[in-house]
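Have a look at the structure first.

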Amino acid sequence: MTEEQKSPVAAGADAARLATRQPSHSSKFNARIAQALAAFAAKPLAASHQEPQGFRGDGFRQGCSKTLRFDRSLLPSPAIYYVEQLAMRLHGRGLWRDALCPFHKDSSPSLRVNLETGAFRCMACGVHGGDVLAFEMQRTGCDFPTAAKCLNAWRA
Ligand SMILES: [Zn+2]
(Lines give C-alpha, C1' and ligand atoms only; values in the text may rest on other atoms or scores of the structure.)
Protein backbone atom coordinates (compact mmCIF):
# COMPACT_ATOMS: atom_id res chain seq x y z
CA MET A 1 0.00 0.00 0.00
CA THR A 2 2.87 2.32 0.57
CA GLU A 3 3.74 2.01 -3.09
CA GLU A 4 0.30 3.29 -4.15
CA GLN A 5 0.55 6.18 -1.74
CA LYS A 6 4.02 7.04 -2.78
CA SER A 7 3.65 6.94 -6.51
CA PRO A 8 1.03 9.70 -6.89
CA VAL A 9 3.24 11.92 -4.81
CA ALA A 10 6.24 11.06 -6.91
CA ALA A 11 4.24 11.67 -10.06
CA GLY A 12 3.07 14.99 -8.64
CA ALA A 13 6.64 15.94 -7.90
CA ASP A 14 7.64 15.03 -11.42
CA ALA A 15 4.82 17.11 -12.85
CA ALA A 16 5.80 20.03 -10.68
CA ARG A 17 9.39 19.74 -11.82
CA LEU A 18 8.27 19.60 -15.43
CA ALA A 19 5.96 22.56 -14.90
CA THR A 20 8.76 24.66 -13.52
CA ARG A 21 11.29 23.54 -16.07
CA GLN A 22 9.20 23.72 -19.19
CA PRO A 23 8.38 27.44 -19.26
CA SER A 24 12.01 28.49 -19.13
CA HIS A 25 12.94 25.85 -21.70
CA SER A 26 10.20 26.78 -24.13
CA SER A 27 10.69 30.50 -23.76
CA LYS A 28 14.34 30.05 -24.64
CA PHE A 29 13.20 28.03 -27.63
CA ASN A 30 10.69 30.70 -28.61
CA ALA A 31 13.37 33.34 -28.37
CA ARG A 32 15.52 31.32 -30.72
CA ILE A 33 12.64 31.01 -33.21
CA ALA A 34 11.96 34.73 -32.97
CA GLN A 35 15.64 35.41 -33.58
CA ALA A 36 15.69 33.17 -36.63
CA LEU A 37 12.50 34.75 -37.98
CA ALA A 38 13.91 38.23 -37.48
CA ALA A 39 17.10 37.25 -39.30
CA PHE A 40 15.07 35.78 -42.12
CA ALA A 41 12.85 38.87 -42.39
CA ALA A 42 15.89 41.14 -42.42
CA LYS A 43 17.39 39.30 -45.38
CA PRO A 44 16.42 40.92 -48.69
CA LEU A 45 14.74 38.48 -51.00
CA ALA A 46 16.01 37.67 -54.47
CA ALA A 47 19.18 39.66 -53.94
CA SER A 48 21.14 37.03 -55.82
CA HIS A 49 19.29 37.51 -59.05
CA GLN A 50 19.28 40.80 -60.85
CA GLU A 51 17.32 41.17 -63.99
CA PRO A 52 19.55 42.30 -66.81
CA GLN A 53 18.96 45.59 -68.48
CA GLY A 54 16.64 45.48 -71.42
CA PHE A 55 14.57 42.79 -69.74
CA ARG A 56 11.40 42.22 -71.73
CA GLY A 57 10.11 39.08 -70.11
CA ASP A 58 6.70 40.26 -68.96
CA GLY A 59 4.99 37.87 -71.32
CA PHE A 60 5.93 34.71 -69.45
CA ARG A 61 4.56 36.06 -66.19
CA GLN A 62 1.09 36.50 -67.58
CA GLY A 63 0.61 32.98 -68.86
CA CYS A 64 0.81 29.69 -67.00
CA SER A 65 4.46 28.84 -66.69
CA LYS A 66 3.75 25.14 -67.11
CA THR A 67 2.58 25.63 -70.67
CA LEU A 68 5.62 27.68 -71.71
CA ARG A 69 8.49 26.02 -73.51
CA PHE A 70 11.88 27.04 -74.72
CA ASP A 71 11.81 27.91 -78.41
CA ARG A 72 15.23 28.42 -79.92
CA SER A 73 13.80 30.20 -82.94
CA LEU A 74 12.65 33.02 -80.63
CA LEU A 75 16.19 33.80 -79.50
CA PRO A 76 17.38 37.18 -80.75
CA SER A 77 19.78 37.03 -83.66
CA PRO A 78 23.42 37.40 -82.58
CA ALA A 79 23.69 40.80 -84.27
CA ILE A 80 20.64 42.13 -82.43
CA TYR A 81 21.67 40.58 -79.14
CA TYR A 82 25.30 41.68 -79.09
CA VAL A 83 25.00 45.02 -80.84
CA GLU A 84 21.55 46.32 -79.87
CA GLN A 85 20.74 44.64 -76.56
CA LEU A 86 24.23 44.64 -75.06
CA ALA A 87 25.49 47.72 -76.91
CA MET A 88 28.75 45.99 -77.75
CA ARG A 89 30.98 47.47 -80.42
CA LEU A 90 32.00 44.82 -82.90
CA HIS A 91 35.16 45.25 -84.90
CA GLY A 92 36.28 43.62 -88.10
CA ARG A 93 34.47 41.92 -90.94
CA GLY A 94 33.04 38.54 -91.68
CA LEU A 95 31.30 36.05 -89.46
CA TRP A 96 33.68 36.37 -86.52
CA ARG A 97 33.93 39.83 -85.01
CA ASP A 98 36.07 41.22 -82.22
CA ALA A 99 34.71 42.98 -79.16
CA LEU A 100 35.76 44.02 -75.70
CA CYS A 101 35.22 41.08 -73.37
CA PRO A 102 32.74 41.86 -70.58
CA PHE A 103 33.96 38.89 -68.54
CA HIS A 104 37.35 40.34 -67.72
CA LYS A 105 38.98 43.74 -67.68
CA ASP A 106 39.65 44.04 -71.36
CA SER A 107 41.58 46.90 -72.94
CA SER A 108 41.87 45.59 -76.49
CA PRO A 109 39.13 43.46 -78.06
CA SER A 110 39.80 39.88 -76.97
CA LEU A 111 36.33 38.47 -77.42
CA ARG A 112 35.39 36.83 -80.70
CA VAL A 113 31.69 36.52 -81.48
CA ASN A 114 30.11 34.68 -84.37
CA LEU A 115 27.33 36.66 -85.99
CA GLU A 116 25.69 33.59 -87.46
CA THR A 117 25.54 31.22 -84.49
CA GLY A 118 26.11 33.58 -81.59
CA ALA A 119 29.09 31.52 -80.46
CA PHE A 120 31.75 33.40 -78.53
CA ARG A 121 35.24 32.87 -77.20
CA CYS A 122 37.60 35.16 -75.35
CA MET A 123 41.24 34.77 -76.30
CA ALA A 124 42.31 36.29 -72.99
CA CYS A 125 40.13 34.86 -70.23
CA GLY A 126 38.92 31.77 -72.07
CA VAL A 127 35.18 32.29 -71.59
CA HIS A 128 33.27 30.60 -74.40
CA GLY A 129 29.89 29.28 -75.46
CA GLY A 130 27.87 28.21 -78.45
CA ASP A 131 25.07 30.76 -78.68
CA VAL A 132 23.54 33.93 -77.28
CA LEU A 133 21.74 31.93 -74.60
CA ALA A 134 25.05 30.63 -73.27
CA PHE A 135 26.35 34.18 -73.31
CA GLU A 136 23.29 35.44 -71.43
CA MET A 137 23.63 32.69 -68.81
CA GLN A 138 27.27 33.54 -68.16
CA ARG A 139 26.68 37.28 -68.24
CA THR A 140 23.83 37.24 -65.74
CA GLY A 141 24.63 34.08 -63.79
CA CYS A 142 21.09 32.87 -64.49
CA ASP A 143 20.19 29.25 -65.09
CA PHE A 144 18.97 28.03 -68.46
CA PRO A 145 15.19 28.67 -68.08
CA THR A 146 15.69 32.08 -66.51
CA ALA A 147 18.07 33.19 -69.23
CA ALA A 148 15.72 31.83 -71.89
CA LYS A 149 12.86 33.83 -70.34
CA CYS A 150 15.00 36.95 -70.20
CA LEU A 151 15.59 36.57 -73.93
CA ASN A 152 11.87 36.00 -74.59
CA ALA A 153 12.58 32.55 -75.96
CA TRP A 154 9.63 30.92 -74.20
CA ARG A 155 6.24 30.41 -75.67
CA ALA A 156 3.10 28.40 -75.08
ZN1 LIG B 1 37.57 37.69 -71.48
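## Overall layout

The protein is built from 5 helices and 6 strands, and this is a predicted model. Reading from the N terminus, the order of elements is α-α-β-α-β-β-β-β-α-α-β.

Of the 156 residues, 15% are buried. If you take contacts between residues at least 6 apart in sequence, 38% of them join residues at least 24 apart.

Helix α3 spans residues 78–85, and its buried residues are Pro78, Tyr81 and Tyr82. Those residues sit on the same side of α3, because they cover an arc of only 80° around the axis. An α-helix has 3.6 residues a turn, so residues three or four places apart point the same way.

What do the buried residues of α3 pack against? Their partners are β2 (96–99), β3 (111–114) and α4 (132–140). Over on the other side of α3, Ile80 and Glu84 are exposed.

Ala87 belongs to the loop between α3 and β2. Is Ala87 buried or exposed? Ala87 has 9 other C-beta atoms within 10 Å, so it counts as exposed.

Asn152 is another non-glycine residue with a positive phi, this one near 60°. Look for Asn152 in the loop between α5 (144–150) and β6 (154–155). Asn152 has 17 C-beta neighbours inside 10 Å and therefore counts as partly exposed.

Note on methods: Residues are numbered from 1 along each chain as its sequence is written. This is a predicted model: local features need pLDDT of at least 70, side-chain atom pairs count only at pLDDT 80 or more; totals for chains, interfaces and linings use all residues. Helices (H or I, at least four residues) and strands (E, at least two) are DSSP runs, numbered from the N terminus. A residue is buried if 20 or more other C-beta atoms lie within 10 Å of its own, exposed if 12 or fewer, and partly exposed in between; C-beta atoms are placed from the backbone. Two residues are in contact if their C-beta atoms, placed from the backbone, lie within 7 Å. The arc is that of the directions from the helix axis to the C-beta atoms.
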